[in-house]
2 protein chains.
Amino acid sequence: MSERIAHPGLRAKVMSAHDAAAKIAPGDQIGFSGFTGAGYPKEVPTALAERIKEAHQQGREFRVNVLTGASTAPELDGVLAETGGVNWRMPYQSDPRLRDKINDGTTFYSDIHLSHSGMMTSQGFFGPVDAAVVEAVKINADGSIVPSSSVGNSVNYLDAAEKIIIEVNEWQSLGLEGMHDIWRVGLPPHRQPIPITTPGQRIGSASINIDVDKVVAVVRTNAPDRNSPFKSIDQTSKDIAGHLLEFARHEITQGRLTNELRPLQSGVGNIANAVLAGLLESEFENLTSYTEVIQDGMVDLLDSGKMALASATSFALSPEAAERMNNDAERYAKKLILRPQEVSNHPEVIRRLGVIATNGMIEADIYGNVNSTHIMGSRMMNGLGGSGDFTRNAYISIFVSPSIAKNGDISAIVPMVSHHDHTEHDVQVIITEQGLADLRGLAPRQRARVIIDKCAHPSFRPMLTEYLERAEALGVGMHTPHDLAQAHSWHRRFLDTGSMRP
Amino acid sequence: MSERIAHPGLRAKVMSAHDAAAKIAPGDQIGFSGFTGAGYPKEVPTALAERIKEAHQQGREFRVNVLTGASTAPELDGVLAETGGVNWRMPYQSDPRLRDKINDGTTFYSDIHLSHSGMMTSQGFFGPVDAAVVEAVKINADGSIVPSSSVGNSVNYLDAAEKIIIEVNEWQSLGLEGMHDIWRVGLPPHRQPIPITTPGQRIGSASINIDVDKVVAVVRTNAPDRNSPFKSIDQTSKDIAGHLLEFARHEITQGRLTNELRPLQSGVGNIANAVLAGLLESEFENLTSYTEVIQDGMVDLLDSGKMALASATSFALSPEAAERMNNDAERYAKKLILRPQEVSNHPEVIRRLGVIATNGMIEADIYGNVNSTHIMGSRMMNGLGGSGDFTRNAYISIFVSPSIAKNGDISAIVPMVSHHDHTEHDVQVIITEQGLADLRGLAPRQRARVIIDKCAHPSFRPMLTEYLERAEALGVGMHTPHDLAQAHSWHRRFLDTGSMRP
């Protein structure tokens with residue numbers, strides 16, 4: 001135990017999760033560690049959920065605000081959502097039970113850019129943070145915390161919180177120490193340039209210094225991260241990855257990229273893994289990554305030597321890759337950096353490094369607007385995460401999606417998206433398995449034809465062209481011709497009949 | 001003449017605007033200086049328009065791409081648009097004749113964030129720049145150029161262009177020398193931190209060094225900037241300014257602002273002038289500005305001592321204020337800095353300084369999405385300018401508008417905006433003369449009620465509430481309830497009947 005909790009005063013505060021959860025009161029606003037199912041506290045949230053259920057059974061009100069880095073796991077968002085006791089949640093989530101509570105109106109959810117979420121908390125925009133509950137690999141003798149498999153917003157929450165609860169998780173490898181790079185952006189007028197000029201540059205410390213007097217509980221745990229199994233890569237994803245790599249080769253011939261590309265950012269999931277697998281077999285060399293999450297394909301690239309190093313704020317690994325990481329963390333710590341998400345997602349660094357950003361989407365419209373978050377305009381899926389931070393500031397911003405979903409009943413290319421997360425001003429390239437639309441330097445009507453031609457599924461192309469031509473004929477303006485009576489008719493049809501097709 | 005053109009080789013290249021325009025060929029892509037009607041070339045564009053008209057009369061094709069800093073003037077956008085010879089235009093425009101050509105489909109227009117426009121040109125995303133045509137106060141002995149009343153994208157265009165044409169305008173005061181601060185952001189992987197940590201900090205040189213061998217013509221001119229007359233401030237604008245200042249006072253009580261506020265950015269126009277006039281009479285002290293344009297109200301604040309200094313990329317003055325500036329430029333150069341728009345609008349600096357951003361809008365919807373650019377979803381107005389650069393990266397982002405337009409036939413608060421330029425993720429505060437909606441930390445349904453209650457005109461409130469309640473009752477999801485069949489019905493009604501009212 002002294003190896004994991006080296007500060008004597010904090011060793012004296014070790015208690016059960018149940019006792020630690022008793023430090024949290026109804027109405028509290030709580031900042032949790034955790035990002036993409038990594039580095040979230042494993043036991044205190046469940047103990048807190050028990051307390052909330054108990055209160056509800058006794059007819060007492062008990063609701064809390066839940067702030068995190070990004071998505072967590074059933075043991076945090078799931079158990080708390082189930083109680084109906086989550087009043088407000090930010091900035092990103094993906095738990096099915098929580099999503100239901102958001103969409104049935106039980107839980108208020110604010111979908112905030114990941115780089116804004118910690119910053120706005122520090123700026124006091126959401127009121128006081130009553131408690132921070134964070135997972136650590138270990139507590140150093142000086143009381144500073146070595147975070148575990150993610151950093152997320154923990155620094156902001158620890159700094160802002162009145163009370164601190166630390167979970168020390170023995171499942172997390174001690175070898176992670178040295179992988180983190182803790183740097184505080186701070187508040188204006190005292191903000192200084194973030195001195196990162198290469199993705200691998202370390203600018204801070206390996207642990208988070210905290211006010212030890214604020215720690216009210218330390219809980220010992222031993223439990224794995226959520227770590228979702230790796231799904232085999234499907235043909236659609238391979239086709240999308242193929243278009244992306246072909247585009248990169250074209251950019252090299254135009255002198256706009258080199259064979260090292262630029263630092264890569266990508267969302268998680270099947271398409272991202274296909275792109276990473278494609279890079280593994282490609283001619284590109286000495287790749288780097290400046291991104292949010294380290295996923296399986298990136299570990300493969302690092303192992304192969306194709307990728308020199310990667311910077312992120314979190315892991316998002318399969319159980320197998322997580323085991324590899326934990327067994328060999330010290331070696332990986334030479335090539336991997338985990339930063340606070342205020343740094344990993346900061347516009348300043350993303351733009352300076354010239355990141356190539358690739359993110360998934362729910363749908364795009366013919367003018368290049370992108371919906372990343374809402375099903376048929378009203379139901380929240382997960383949130384926009386860091387897609388806005390990277391897309392707006394990228395050297396090249398790319399959105400990817402299969403052209404159809406639900407056996408062809410849904411088209412990913414629509415007349416007008418049902419919700420706007422990324423506007424025409426930010427989206428440079430759209431890729432489906434059908435092809436790639438390079439929108440740079442095109443006006444809206446030009447974009448429409450390229451997107452329909454290259455990205456839409458052939459079975460939806462005539463309907464899209466018909467929409468565009470009808471809108472052009474209306475005389476409402478030729479810059480962005482829209483027929484507002486029909487712009488969302490495809491979504492309405494889906495809601496009515498279960499298909500966008502007539 | 002030697003005072004204004006100190007480089008002998010360039011003095012030898014002085015010629016008429018007509019001869020200079022002959023250096024431009026059909027199909028050329030031209031980067032012009034000019035931002036908000038300041039610092040644009042005064043004679044070459046008209047001479048070029050003559051050439052284009054001549055070609056068209058002779059049945060020859062002659063179209064060009066026109067790149068600028070932002071809006072220019074009748075002598076640039078107006079005369080060129082009139083020929084029908086503008087093929088592609090970016091990144092911002094406000095000339096009525098050009099707007100017509102964009103909306104009738106003659107001219108393709110790309111509405112690009114001002115901070116992206118020069119950067120993407122330098123990155124080669126729009127292809128080669130054939131010519132740069134820029135206005136200067138003078139040419140130094142080493143061939144470097146002292147820009148005039150704006151910097152805009154001139155550095156990017158001069159660096160990228162194959163040929164350079166310089167207009168030396170004697171109307172522009174020689175006292176402007178020393179007011180500019182030229183710094184190149186450059187290309188990745190060579191980008192370094194922009195070292196600005198206070199709005200008034202100078203980091204570069206007073207003139208733009210160029211490749212003198214690329215200069216094909218120097219033209220001497222003597223003509224004023226566009227300089228629109230100052231309109232007296234109306235009561236609606238005063239009311240909006242009042243709400244804004246009250247909000248600032250509230251933020252001070254919460255410890256989120258000090259009496260110096262934070263560096264201010266604001267769009268141009270009546271409301272902005274009302275805010276500046278309000279500040280002049282307020283208790284706030286030692287104000288600063290980190291913005292795009294210096295307008296009349298800001299000069300008054302500087303003169304009064306209320307504002308310590310202001311950083312921008314351009315002037316946007318009335319004829320009277322422009323005369324004051326020209327007569328006293330040397331003194332103002334101690335308090336005013338004109339930077340390239342890649343620096344004035346850079347996310348890195350805006351976020352670091354913690355700018356308070358206030359921008360006008362065409363409409364907002366009940367969920368806080370903002371339309372800055374499109375009339376009824378299809379017709380382009382001016383473009384989004386720097387509103388995205390500032391809004392996304394601001395300490396506090398504010399949008400302002402009167403609650404109604406066209407004698408009450410148009411509501412500025414609608415169920416769903418007809419075009420999205422700024423999403424729910426970026427918009428923190430909305431103000432109309434009715435009141436102020438503080439959206440920070442609110443979920444969409446909460447935002448809707450605050451916006452309807454505080455910002456909508458009373459005569460539209462019942463219709464908005466009815467829309468929201470009907471959407472909630474539809475069962476399509478309670479996160480962002482929308483009735484997609486009715487979301488744009490107000491806009492459709494306006495297009496059909498001339499009023500959003502039933």
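Student: How far apart do the end C-alpha atoms of residues 12-219 of chain A lie?

Tutor: A word on the ground rules: this is a predicted model, where local features need pLDDT of at least 70, side-chain atom pairs count only at pLDDT 80 or more, and totals for chains, interfaces and linings use all residues. Residues are numbered from 1 along each chain as its sequence is written, chains are lettered from A and ligands numbered from 1 in the order in which they are written, and side-chain values use heavy atoms, with hydrogens and water left out. The span is 25% helix and 21% strand, taking helices (H or I, at least four residues) and strands (E, at least two) as DSSP runs numbered from the N terminus. Its end C-alpha atoms are separated by 11 Å.

Student: Which UniProt annotation covers residues 12-219 of chain A?

Tutor: Positions are given in the numbering used here, feature names are shortened, and annotations may be inferred rather than shown by experiment. The record is an unreviewed entry, and its label for this span is "domain: Acetyl-CoA hydrolase/transferase N-terminal".

Student: What area is buried between chain B and chain A?

Tutor: Contact (heavy atoms within 4.5 Å) joins 80 residues of chain B to 80 residues of chain A. B:R351, B:R392 and B:H425 supply 12% of the area that chain B buries against chain A, more than any other three residues. Buried area is the accessible area (1.4 Å probe) that two parts lose on being put together, summed over both. Carbon and sulfur atoms give 56% of the total, which is about 6800 Å².

Student: Which side chain of chain B meets A:R352 in a salt bridge?

Tutor: A salt bridge here is a side-chain nitrogen of Lys or Arg within 4 Å of a carboxyl oxygen of Asp or Glu. Across the interface of chain B and chain A the rule finds two. In one of them, at 3.0 Å from N to O, the partner of A:R352 is B:E348.

Student: Which element gives the most to the side of chain B that touches chain A?

Tutor: Elements that each supply at least two residues include α5 (96-103), α14 (347-353) and α18 (489-497) of chain B. With five residues, the top contributor is α14(B).

Student: Which residue stands opposite B:A364?

Tutor: Two strands pair if DSSP finds at least two bridges between them. Strand β16 (residues 363-365) of chain B pairs with β17(B) in the antiparallel sense over two bridges. In β17(B), the residue opposite B:A364 is B:V370.
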